[in-house]
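Welcome, and thank you for taking a look.

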Amino acid sequence: MDNQFIFQYSWDILPKKWVHKMKRSEHGNRFYTNTDNLFPLLCFLKWHTYTRVQVLIDICGVDYPSRKRRFEVVYNLLSTRYNARIRVQTSADEVTRISSVVSLFPSAGWWEREVWDMFGLSFINHPDLRRILTDYGFEGHPLRKDFPLSGYVEVRYDDPEKRVVSEPIEMTQEFRYFDFASPWEQRSDG
Amino acid sequence: MFLRSILRGGRGTMMMAAGKVKETTGIVGLEVVPNAREVLIDLYTKTLKEIEAVPADEGYRKAVESFTKHRLQICQEESDWEEIEKKIGCGQVEELIEEAQDELKLIDKLVEWDPWGVPDDYECEVIEDDTPIPQHVPRHKPVKLPEEFYNTMEAVSSKPVIEEKKIEEPTPQLKS
(Lines give C-alpha, C1' and ligand atoms only; values in the text may rest on other atoms or scores of the structure.)
Protein backbone atom coordinates (compact mmCIF):
# COMPACT_ATOMS: atom_id res chain seq x y z
CA MET A 1 0.00 0.00 0.00
CA ASP A 2 2.69 2.43 0.95
CA ASN A 3 4.61 1.37 -2.10
CA GLN A 4 1.80 2.95 -4.11
CA PHE A 5 2.02 6.19 -2.14
CA ILE A 6 5.70 6.54 -2.89
CA PHE A 7 5.09 5.73 -6.54
CA GLN A 8 2.24 8.20 -6.82
CA TYR A 9 4.31 10.85 -5.10
CA SER A 10 7.31 10.29 -7.36
CA TRP A 11 5.03 10.45 -10.40
CA ASP A 12 3.68 13.84 -9.26
CA ILE A 13 7.10 15.22 -8.45
CA LEU A 14 9.10 14.10 -11.47
CA PRO A 15 9.66 16.47 -14.35
CA LYS A 16 7.14 15.12 -16.83
CA LYS A 17 9.54 15.36 -19.73
CA TRP A 18 11.48 12.39 -18.48
CA VAL A 19 8.75 9.77 -18.36
CA HIS A 20 6.72 8.81 -21.41
CA LYS A 21 4.89 5.83 -19.98
CA MET A 22 4.16 4.53 -16.55
CA LYS A 23 2.50 1.45 -15.19
CA ARG A 24 1.02 1.20 -11.75
CA SER A 25 0.33 -2.30 -10.57
CA GLU A 26 0.49 -4.46 -7.49
CA HIS A 27 3.01 -6.60 -9.32
CA GLY A 28 5.57 -3.84 -9.78
CA ASN A 29 5.41 -0.16 -10.66
CA ARG A 30 7.39 0.99 -13.62
CA PHE A 31 8.50 4.12 -15.40
CA TYR A 32 9.45 4.07 -19.06
CA THR A 33 11.95 6.65 -20.16
CA ASN A 34 14.44 7.60 -22.90
CA THR A 35 18.10 6.79 -22.83
CA ASP A 36 18.97 10.49 -22.50
CA ASN A 37 16.83 10.96 -19.45
CA LEU A 38 17.81 7.77 -17.72
CA PHE A 39 20.73 9.12 -15.70
CA PRO A 40 18.87 12.25 -14.45
CA LEU A 41 15.89 10.13 -13.50
CA LEU A 42 17.96 7.75 -11.44
CA CYS A 43 19.82 10.68 -9.83
CA PHE A 44 16.49 12.15 -8.83
CA LEU A 45 15.17 8.93 -7.39
CA LYS A 46 18.37 8.33 -5.47
CA TRP A 47 18.83 11.75 -3.90
CA HIS A 48 15.37 13.17 -3.30
CA THR A 49 14.36 13.07 0.35
CA TYR A 50 11.06 11.30 -0.08
CA THR A 51 12.08 8.71 -2.61
CA ARG A 52 15.53 7.64 -1.35
CA VAL A 53 16.07 4.66 -3.66
CA GLN A 54 19.66 3.93 -2.86
CA VAL A 55 19.86 0.31 -3.82
CA LEU A 56 20.07 -0.92 -7.39
CA ILE A 57 18.92 -4.49 -7.34
CA ASP A 58 19.37 -5.50 -10.94
CA ILE A 59 19.91 -4.35 -14.51
CA CYS A 60 18.60 -6.68 -17.17
CA GLY A 61 18.23 -6.53 -20.90
CA VAL A 62 15.35 -7.87 -22.96
CA ASP A 63 15.34 -8.46 -26.69
CA TYR A 64 12.16 -7.81 -28.67
CA PRO A 65 13.25 -8.51 -32.24
CA SER A 66 10.00 -7.30 -33.77
CA ARG A 67 10.44 -3.76 -32.42
CA LYS A 68 12.52 -1.07 -34.05
CA ARG A 69 14.38 -0.33 -30.83
CA ARG A 70 14.83 -3.95 -30.10
CA PHE A 71 16.46 -3.96 -26.70
CA GLU A 72 14.93 -2.88 -23.48
CA VAL A 73 17.07 -2.28 -20.42
CA VAL A 74 15.33 -2.68 -17.08
CA TYR A 75 16.65 -1.17 -13.86
CA ASN A 76 15.17 -2.58 -10.66
CA LEU A 77 15.52 -0.22 -7.72
CA LEU A 78 14.77 -0.52 -4.03
CA SER A 79 14.30 2.11 -1.35
CA THR A 80 15.23 0.67 2.01
CA ARG A 81 14.02 3.72 3.89
CA TYR A 82 10.49 3.64 2.49
CA ASN A 83 10.29 -0.05 1.54
CA ALA A 84 9.38 0.67 -2.06
CA ARG A 85 10.44 -0.93 -5.29
CA ILE A 86 10.44 0.87 -8.61
CA ARG A 87 11.37 -0.33 -12.04
CA VAL A 88 12.79 1.99 -14.71
CA GLN A 89 12.87 0.79 -18.31
CA THR A 90 14.51 2.26 -21.38
CA SER A 91 14.48 1.04 -24.95
CA ALA A 92 17.54 1.05 -27.14
CA ASP A 93 18.63 -0.33 -30.48
CA GLU A 94 21.90 -1.98 -31.36
CA VAL A 95 23.90 1.17 -31.85
CA THR A 96 22.55 3.33 -29.04
CA ARG A 97 24.95 3.96 -26.21
CA ILE A 98 23.42 4.30 -22.79
CA SER A 99 25.03 6.40 -20.07
CA SER A 100 26.31 4.25 -17.28
CA VAL A 101 24.98 4.67 -13.76
CA VAL A 102 28.11 3.39 -12.06
CA SER A 103 28.79 6.78 -10.49
CA LEU A 104 25.44 6.58 -8.71
CA PHE A 105 25.23 2.88 -7.97
CA PRO A 106 28.59 1.11 -7.88
CA SER A 107 26.91 -2.27 -8.13
CA ALA A 108 25.91 -1.38 -11.68
CA GLY A 109 29.44 -2.19 -12.83
CA TRP A 110 28.96 -5.91 -13.24
CA TRP A 111 25.32 -5.66 -14.30
CA GLU A 112 26.25 -3.42 -17.20
CA ARG A 113 29.10 -5.68 -18.16
CA GLU A 114 26.59 -8.52 -18.30
CA VAL A 115 24.21 -6.53 -20.52
CA TRP A 116 27.13 -5.70 -22.80
CA ASP A 117 28.24 -9.29 -22.98
CA MET A 118 24.83 -10.83 -23.48
CA PHE A 119 23.22 -8.23 -25.75
CA GLY A 120 25.88 -5.96 -27.12
CA LEU A 121 24.62 -2.69 -25.63
CA SER A 122 27.51 -0.45 -24.78
CA PHE A 123 27.58 2.06 -21.96
CA ILE A 124 29.28 5.45 -21.91
CA ASN A 125 31.52 6.27 -18.93
CA HIS A 126 31.72 2.73 -17.75
CA PRO A 127 35.10 2.17 -16.05
CA ASP A 128 35.62 -1.39 -17.22
CA LEU A 129 33.35 -2.64 -19.99
CA ARG A 130 34.41 -6.13 -20.99
CA ARG A 131 32.97 -9.62 -21.17
CA ILE A 132 31.95 -11.23 -17.96
CA LEU A 133 30.13 -14.51 -18.62
CA THR A 134 31.27 -15.75 -22.00
CA ASP A 135 34.50 -17.49 -22.80
CA TYR A 136 37.64 -15.49 -23.74
CA GLY A 137 37.57 -14.86 -27.46
CA PHE A 138 33.89 -15.68 -27.75
CA GLU A 139 32.18 -13.96 -30.63
CA GLY A 140 28.56 -13.00 -30.58
CA HIS A 141 26.06 -11.93 -27.98
CA PRO A 142 24.30 -14.99 -26.60
CA LEU A 143 21.01 -13.67 -25.26
CA ARG A 144 19.91 -12.03 -28.47
CA LYS A 145 16.98 -13.81 -30.04
CA ASP A 146 18.83 -14.47 -33.29
CA PHE A 147 21.62 -16.35 -31.55
CA PRO A 148 20.87 -20.10 -31.72
CA LEU A 149 20.41 -22.17 -28.60
CA SER A 150 23.43 -24.36 -29.17
CA GLY A 151 25.68 -21.56 -30.40
CA TYR A 152 28.04 -21.57 -33.34
CA VAL A 153 31.23 -23.16 -31.99
CA GLU A 154 32.05 -26.05 -29.78
CA VAL A 155 35.24 -26.61 -27.83
CA ARG A 156 37.24 -29.76 -27.44
CA TYR A 157 40.63 -30.68 -26.16
CA ASP A 158 42.96 -31.47 -29.02
CA ASP A 159 45.60 -34.01 -28.04
CA PRO A 160 48.24 -33.32 -30.78
CA GLU A 161 48.15 -29.57 -30.15
CA LYS A 162 47.85 -30.03 -26.40
CA ARG A 163 45.30 -27.26 -25.96
CA VAL A 164 41.59 -26.56 -26.20
CA VAL A 165 40.39 -25.66 -29.70
CA SER A 166 37.10 -24.17 -30.91
CA GLU A 167 35.48 -25.69 -33.94
CA PRO A 168 32.20 -25.14 -35.72
CA ILE A 169 29.48 -27.08 -34.07
CA GLU A 170 28.56 -30.62 -35.12
CA MET A 171 25.33 -31.98 -33.74
CA THR A 172 24.40 -35.62 -34.30
CA GLN A 173 20.68 -34.88 -33.96
CA GLU A 174 19.13 -31.82 -35.44
CA PHE A 175 17.28 -29.37 -33.26
CA ARG A 176 13.74 -30.52 -32.53
CA TYR A 177 11.05 -27.98 -31.97
CA PHE A 178 8.19 -29.26 -29.88
CA ASP A 179 5.21 -27.23 -30.90
CA PHE A 180 2.32 -29.60 -31.35
CA ALA A 181 -1.32 -28.69 -31.10
CA SER A 182 -1.98 -31.21 -28.34
CA PRO A 183 0.36 -32.41 -25.58
CA TRP A 184 -0.52 -36.04 -26.10
CA GLU A 185 0.85 -38.30 -28.74
CA GLN A 186 -1.06 -38.09 -32.01
CA ARG A 187 -2.62 -41.43 -32.92
CA SER A 188 -3.99 -42.29 -36.33
CA ASP A 189 -6.88 -44.44 -35.05
CA GLY A 190 -9.38 -42.81 -33.20
CA MET B 1 35.44 2.27 21.44
CA PHE B 2 32.46 0.07 22.13
CA LEU B 3 34.40 -1.92 24.72
CA ARG B 4 35.01 1.24 26.69
CA SER B 5 31.35 2.05 26.88
CA ILE B 6 30.48 -1.49 27.93
CA LEU B 7 33.21 -1.51 30.58
CA ARG B 8 31.99 1.77 31.94
CA GLY B 9 28.71 0.03 32.56
CA GLY B 10 26.77 2.25 30.22
CA ARG B 11 27.67 5.27 32.27
CA GLY B 12 27.99 7.33 29.08
CA THR B 13 24.24 7.29 28.63
CA MET B 14 23.50 8.36 32.14
CA MET B 15 24.94 11.86 31.86
CA MET B 16 22.56 14.32 33.37
CA ALA B 17 23.44 17.13 30.96
CA ALA B 18 20.78 19.16 29.17
CA GLY B 19 20.82 16.82 26.18
CA LYS B 20 22.02 13.25 26.19
CA VAL B 21 25.22 12.80 24.24
CA LYS B 22 24.83 10.35 21.43
CA GLU B 23 27.29 7.51 21.66
CA THR B 24 26.84 6.07 18.23
CA THR B 25 24.42 6.14 15.37
CA GLY B 26 24.32 2.37 15.16
CA ILE B 27 24.97 2.55 11.43
CA VAL B 28 28.33 1.52 10.07
CA GLY B 29 30.21 4.40 8.48
CA LEU B 30 27.89 7.11 9.78
CA GLU B 31 29.64 9.30 12.33
CA VAL B 32 27.85 11.05 15.15
CA VAL B 33 27.52 14.78 14.47
CA PRO B 34 27.53 16.63 17.80
CA ASN B 35 26.10 19.91 16.54
CA ALA B 36 23.48 18.24 14.36
CA ARG B 37 20.81 20.85 15.04
CA GLU B 38 22.90 23.76 13.77
CA VAL B 39 24.03 21.81 10.74
CA LEU B 40 20.43 20.92 9.90
CA ILE B 41 19.17 24.47 10.25
CA ASP B 42 22.00 25.65 8.05
CA LEU B 43 21.27 23.05 5.39
CA TYR B 44 17.53 23.67 5.37
CA THR B 45 17.90 27.45 5.01
CA LYS B 46 20.31 26.86 2.16
CA THR B 47 17.83 24.47 0.52
CA LEU B 48 15.01 26.98 0.76
CA LYS B 49 17.21 29.55 -0.91
CA GLU B 50 18.38 27.23 -3.68
CA ILE B 51 14.92 25.91 -4.52
CA GLU B 52 13.86 29.34 -5.75
CA ALA B 53 15.64 28.60 -8.99
CA VAL B 54 12.93 26.08 -9.82
CA PRO B 55 9.68 27.40 -11.40
CA ALA B 56 7.01 28.01 -8.79
CA ASP B 57 4.27 25.82 -10.19
CA GLU B 58 6.37 22.68 -10.33
CA GLY B 59 5.31 19.95 -7.93
CA TYR B 60 8.95 19.45 -6.99
CA ARG B 61 9.35 22.96 -5.66
CA LYS B 62 6.11 22.80 -3.70
CA ALA B 63 7.08 19.50 -2.12
CA VAL B 64 10.60 20.56 -1.19
CA GLU B 65 9.42 23.83 0.29
CA SER B 66 6.71 22.08 2.25
CA PHE B 67 8.83 19.48 3.96
CA THR B 68 11.91 21.67 4.35
CA LYS B 69 9.90 24.37 6.09
CA HIS B 70 8.30 21.80 8.34
CA ARG B 71 11.62 20.26 9.31
CA LEU B 72 13.27 23.64 9.75
CA GLN B 73 10.48 24.73 12.06
CA ILE B 74 10.88 21.61 14.18
CA CYS B 75 14.66 22.07 14.37
CA GLN B 76 14.29 25.65 15.47
CA GLU B 77 11.72 24.85 18.12
CA GLU B 78 13.45 21.88 19.69
CA SER B 79 16.99 22.08 20.98
CA ASP B 80 17.47 18.41 21.76
CA TRP B 81 18.45 16.05 18.95
CA GLU B 82 16.30 13.31 20.37
CA GLU B 83 13.19 15.48 20.26
CA ILE B 84 14.00 16.49 16.70
CA GLU B 85 14.32 12.86 15.68
CA LYS B 86 11.06 11.92 17.29
CA LYS B 87 9.08 14.81 15.86
CA ILE B 88 10.35 14.57 12.30
CA GLY B 89 9.97 10.80 12.46
CA CYS B 90 12.33 10.09 9.62
CA GLY B 91 15.33 8.38 11.19
CA GLN B 92 18.34 9.78 13.00
CA VAL B 93 19.67 13.33 12.72
CA GLU B 94 22.76 12.10 10.90
CA GLU B 95 20.51 10.49 8.29
CA LEU B 96 18.54 13.72 8.04
CA ILE B 97 21.78 15.59 7.43
CA GLU B 98 22.65 13.15 4.66
CA GLU B 99 19.18 13.58 3.11
CA ALA B 100 19.48 17.37 3.21
CA GLN B 101 22.92 17.28 1.60
CA ASP B 102 21.66 14.98 -1.16
CA GLU B 103 18.68 17.24 -1.74
CA LEU B 104 21.02 20.20 -2.19
CA LYS B 105 23.08 18.20 -4.66
CA LEU B 106 19.92 17.28 -6.52
CA ILE B 107 18.66 20.86 -6.75
CA ASP B 108 22.05 21.86 -8.09
CA LYS B 109 21.91 19.20 -10.79
CA LEU B 110 18.31 19.99 -11.69
CA VAL B 111 19.12 23.64 -12.14
CA GLU B 112 21.91 22.54 -14.46
CA TRP B 113 19.73 20.16 -16.52
CA ASP B 114 16.61 22.33 -16.47
CA PRO B 115 13.95 19.72 -17.28
CA TRP B 116 10.95 21.83 -16.26
CA GLY B 117 7.97 22.57 -18.42
CA VAL B 118 5.84 20.19 -20.40
CA PRO B 119 6.02 20.34 -24.22
CA ASP B 120 2.73 20.77 -26.04
CA ASP B 121 2.73 17.40 -27.71
CA TYR B 122 3.51 15.55 -24.53
CA GLU B 123 1.47 12.49 -23.90
CA CYS B 124 2.14 9.91 -21.34
CA GLU B 125 0.74 6.42 -21.43
CA VAL B 126 -0.57 5.50 -18.03
CA ILE B 127 -1.35 1.88 -17.46
CA GLU B 128 -3.26 0.99 -14.34
CA ASP B 129 -3.23 -2.67 -13.64
CA ASP B 130 -5.38 -3.76 -10.73
CA THR B 131 -4.89 -7.53 -10.82
CA PRO B 132 -4.50 -8.55 -7.21
CA ILE B 133 -1.57 -10.52 -5.91
CA PRO B 134 -2.54 -14.11 -4.99
CA GLN B 135 -3.04 -14.72 -1.29
CA HIS B 136 -0.25 -17.25 -0.96
CA VAL B 137 2.46 -14.84 -2.10
CA PRO B 138 4.19 -13.26 0.91
CA ARG B 139 4.13 -9.51 1.01
CA HIS B 140 6.01 -6.99 3.09
CA LYS B 141 4.11 -5.35 5.90
CA PRO B 142 3.70 -1.71 4.87
CA VAL B 143 6.15 0.69 6.49
CA LYS B 144 4.50 3.55 8.30
CA LEU B 145 5.33 6.70 6.38
CA PRO B 146 6.00 9.87 8.37
CA GLU B 147 3.01 12.20 8.69
CA GLU B 148 4.90 14.93 6.93
CA PHE B 149 4.84 12.83 3.78
CA TYR B 150 1.06 13.08 3.48
CA ASN B 151 1.21 16.84 4.03
CA THR B 152 3.78 17.06 1.30
CA MET B 153 1.62 15.07 -1.08
CA GLU B 154 -1.22 17.50 -0.45
CA ALA B 155 1.07 20.46 -0.95
CA VAL B 156 2.16 19.11 -4.32
CA SER B 157 -1.37 19.12 -5.66
CA SER B 158 -2.22 22.54 -4.26
CA LYS B 159 -1.66 25.88 -5.94
CA PRO B 160 1.66 27.64 -5.42
CA VAL B 161 1.66 29.75 -2.28
CA ILE B 162 4.01 32.52 -3.37
CA GLU B 163 1.83 34.16 -5.99
CA GLU B 164 3.27 37.66 -5.77
CA LYS B 165 6.76 36.67 -6.71
CA LYS B 166 5.39 34.87 -9.73
CA ILE B 167 3.75 38.07 -11.02
CA GLU B 168 6.93 40.05 -10.46
CA GLU B 169 9.14 38.00 -12.73
CA PRO B 170 7.19 35.84 -15.17
CA THR B 171 9.04 36.19 -18.49
CA PRO B 172 12.69 35.77 -17.49
CA GLN B 173 11.91 32.26 -16.18
CA LEU B 174 10.24 31.19 -19.43
CA LYS B 175 12.96 32.65 -21.61
CA SER B 176 15.73 30.90 -19.74
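How many residues of chain B are in contact with chain A, and how many residues of chain A do they touch? In this predicted model, 48 residues of chain B are in contact (heavy atoms within 4.5 Å) with 34 residues of chain A. Local features need pLDDT of at least 70, side-chain atom pairs count only at pLDDT 80 or more, and totals for chains, interfaces and linings use all residues. Residues are numbered from 1 along each chain as its sequence is written, chains are lettered from A and ligands numbered from 1 in the order in which they are written, and side-chain values use heavy atoms, with hydrogens and water left out.

**Where the chains meet**

- About 3,800 Å² is buried between chain B and chain A, with 63% of that given by carbon and sulfur atoms; buried area is the accessible area (1.4 Å probe) that two parts lose on being put together, summed over both.
- Seven salt bridges are counted between the two chains, each being a side-chain nitrogen of Lys or Arg within 4 Å of a carboxyl oxygen of Asp or Glu.
- One salt bridge pairs Arg52(A) with Asp102(B), whose closest N and O atoms are 2.7 Å apart.
- On chain B, helix H3 (59-77), helix H5 (93-113), strand E1 (125-129) and helix H6 (147-157) each supply at least two residues of the side that touches chain A; helices (H or I, at least four residues) and strands (E, at least two) are DSSP runs, numbered from the N terminus.
- H5(B) gives the largest share of that side, 10 residues.

**Strands**

- Strand E1 (residues 19-25) of chain A runs parallel to E1(B), and five bridges join them; two strands pair if DSSP finds at least two bridges between them.
- Lys21(A) has Glu125(B) as its bridge partner in E1(B).
- Within chain A, strand E8 (residues 153-158) and strand E9 (residues 163-168) run antiparallel, joined by six bridges.
- Arg156(A) has Val165(A) as its bridge partner in E9(A).
- E8(A) and E9(A) form a hairpin with four residues between them, and Lys162(A) in the turn has a positive phi of about 60 degrees.

**Around Phe39(A)**

- Phe39(A) sits in helix H2 (residues 38-47) of chain A.
- Although 62 residues separate Phe39(A) and Val101(A) in sequence, their C-alpha atoms are 6.5 Å apart in space.
- Leaving aside neighbours within four places in sequence, the contacts of Phe39(A) include Ser99(A), Leu104(A) and, from the other chain, Trp113(B).
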